[in-house]
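Q: I have a model open and would like to learn how to read its features one by one. Could you walk me through it?

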Amino acid sequence: MRAGGPAPRPGVGAPDGRRADRAAAGRWLVRGRDGRLTAYAQSAERLLRWTEVRPGGPEWTGPDVFEVPGVSRLTVAQGADGYVHVLGRRSVLGDDGVTLVDLVHATQYQSGRPLGPLHSAGSPYRDPERSARLGEPAAVVGASGALWLFVRNAGGGVSARTDGASGGWKSWRDLKGSGVRGDLAPAVDSAGRVELLAPGRSGALHWGRQEAGGEPRRAPDVPVVPAESSLTALETSPDRITYYWADAATGTLMAHRPGGWVIPLGGVPSAGRPAALRAPIDGYDCTVLAHRAEDGQIMLAACGSEQEDAGLWWASTGETSPGDPGLALDAHGRIVLAVVGADGRLHVSRQKPEQGLAMGRAARF
C-alpha cells in the first residue's frame, strides 16, 4: 500500500480520489498508544486514513490514501499493543481468466506512520471456485497479540486462522456451523479470550470462549435473526460480552449477553451496524450506542452498562451518513463520534465538558 499526496483543502466535498464512499468495517475509529485517534474509510480500491494532529484534537491530517487493488471491502481491528490491522477480501482475474480470491492483511504500528505492505492471508481452499464463495473477513486481537481472522467459508460455516507470535499464519481451522449469512461479530474480553457470533438463517450461531489463546467452540445458538451486517460486540463488564444488532424483520436494535434475555433497545429502525463504547458519563459506568436510522440520521443514546432494560432515550445528532458511525474516547476521556458524510469527508464531534452526553458541533476534514 502507498500513501497519496497532500490533504484536501476545506470545501463542499473532498476531491476525487480523496472522497470516501463509506467507513471501514470493524472498529474503524481507534486510539493509538500516543493518544491520537485515527479513522479509516474506503473509496473503491483505496483505503483512506485521517489522524489527529495531537492527542485530543481538534485538528486532523488527511486523508492519506493507500491503494488496495481488488479489495472489495476493508475491516479494522486493534490490539492492546496499539497495532492496527487492516484486512480485506481480494478478488483478481488470473491470466487464465479464472477469478482468484484470497484474504489480505496489512499492519500499522504507530499512529500516522505508513501502513505496512499488503500481504496475503490466503484462503481455506486451494480450489479457486470454493475460494470465490468466501465471505468478508472479520478479526480481533486475542491473547499475546495474536490476530484472529474469521471468514464465512464456502460451506456456509466459519473458518479461522491466527498469525503466529514469530510471524506467519497458522493453519486454517474449520469451526463448523452452517447457514451463516452476512458479517461475523468476533469479540475478545480483557483476559484475551475470543468468542464469535454470526447471523444465520433461523438464528445466531455462537462460538463460546475457551482459555486465553484457545479456539472458540460451538455453543448454543441464540434464537434471534439479526439483519445482515448489523452485529457488533462490546465487553460491558470484566470478561462479559454484550452483542448489539438490528432485528431482521423490524430493524429494532437489540442487546443480548449469552445466557441472558434479548433486550429491545427502542428508537427508530436501524440500518447497518451500530457503534458501541463503554465510557464514564458524570461518574457512572455507561454504554454509549450510535446507529444510522433508515433515513441516514445518526442517532445516539447511553445507559448504565448492562442496564439496557432500564430504557434508552435516543436523540438525533444532526449528522447524516451513508455508512456506519464510529465511537471512541479521546486522550482527554471525551466521547468522540465520527461518520463519513455524503460529501466524502470525515465528520467529527466531541463530548462537551461536564454536560453528560451532549456533543459539540461536528468538524469536517
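This is a predicted model: local features need pLDDT of at least 70, side-chain atom pairs count only at pLDDT 80 or more; totals for chains, interfaces and linings use all residues.

Q: Which residues form a nonpolar patch on the surface?

A: Residues are numbered from 1 along each chain as its sequence is written, and side-chain values use heavy atoms, with hydrogens and water left out. Patches are made of residues with over 30% relative accessible area and no salt bridge; like charges are joined within 9 Å, and nonpolar side chains (Val, Leu, Ile, Met, Phe, Trp, Tyr) within 5 Å. Accessible areas come from the Shrake-Rupley method with a 1.4 Å probe, and for residues only the protein chains shown count as cover. Here the patch consists of Val92, Val98 and Leu100, which together have about 200 Å² of accessible area.

Q: Where does Val92 lie, and is Val92 buried or partly exposed?

A: Buried means under 20% relative accessible area, exposed means over 50%, and partly exposed is in between (1.4 Å probe, protein chains only). Strands (E, at least two residues) and helices (H or I, at least four) are DSSP runs, numbered from the N terminus. Val92 belongs to strand β8, residues 84-93, and its relative accessible area of 37% makes Val92 partly exposed.

Q: What is the strand order in the open sheet of 4 strands?

A: Two strands pair if DSSP finds at least two bridges between them. In this sheet the order is β15-β16-β17-β18, with antiparallel pairing. The edges are β15 (185-188) and β18 (217-222), each of which pairs on one side only. As an example of pairing, 4 bridges join β16 (residues 194-199) to β17 (residues 204-208). Leu197 has His206 in β17 as its bridge partner.

Q: What is the phi of Ala44, and what is the phi of Glu306?

A: Ala44 has a positive phi of about 50° although it is not a glycine. Its place is the loop between β4 (37-43) and β5, and at 47% relative accessibility Ala44 is partly exposed. Glu306 is not a glycine either, yet has a positive phi of about 65°. Glu306 lies in the loop between β25 (297-304) and β26 (315-320), where its relative accessible area of 18% counts as buried.

Q: How many salt bridges are there?

A: A salt bridge is a side-chain nitrogen of Lys or Arg within 4 Å of a carboxyl oxygen of Asp or Glu. By this rule the count is 23. One of them joins Arg350 to Glu52, with the closest N and O atoms 2.5 Å apart. That pair links distant parts of the chain, from strand β29 (residues 346-350) to strand β5, 298 residues apart. Both Arg350 and Glu52 are buried.

Q: Which residue forms a salt bridge with Asp34?

A: The partner is Arg36, and the closest N and O atoms are 2.8 Å apart. Asp34 is partly exposed at 37% relative accessibility, whereas Arg36 is buried at 18%.
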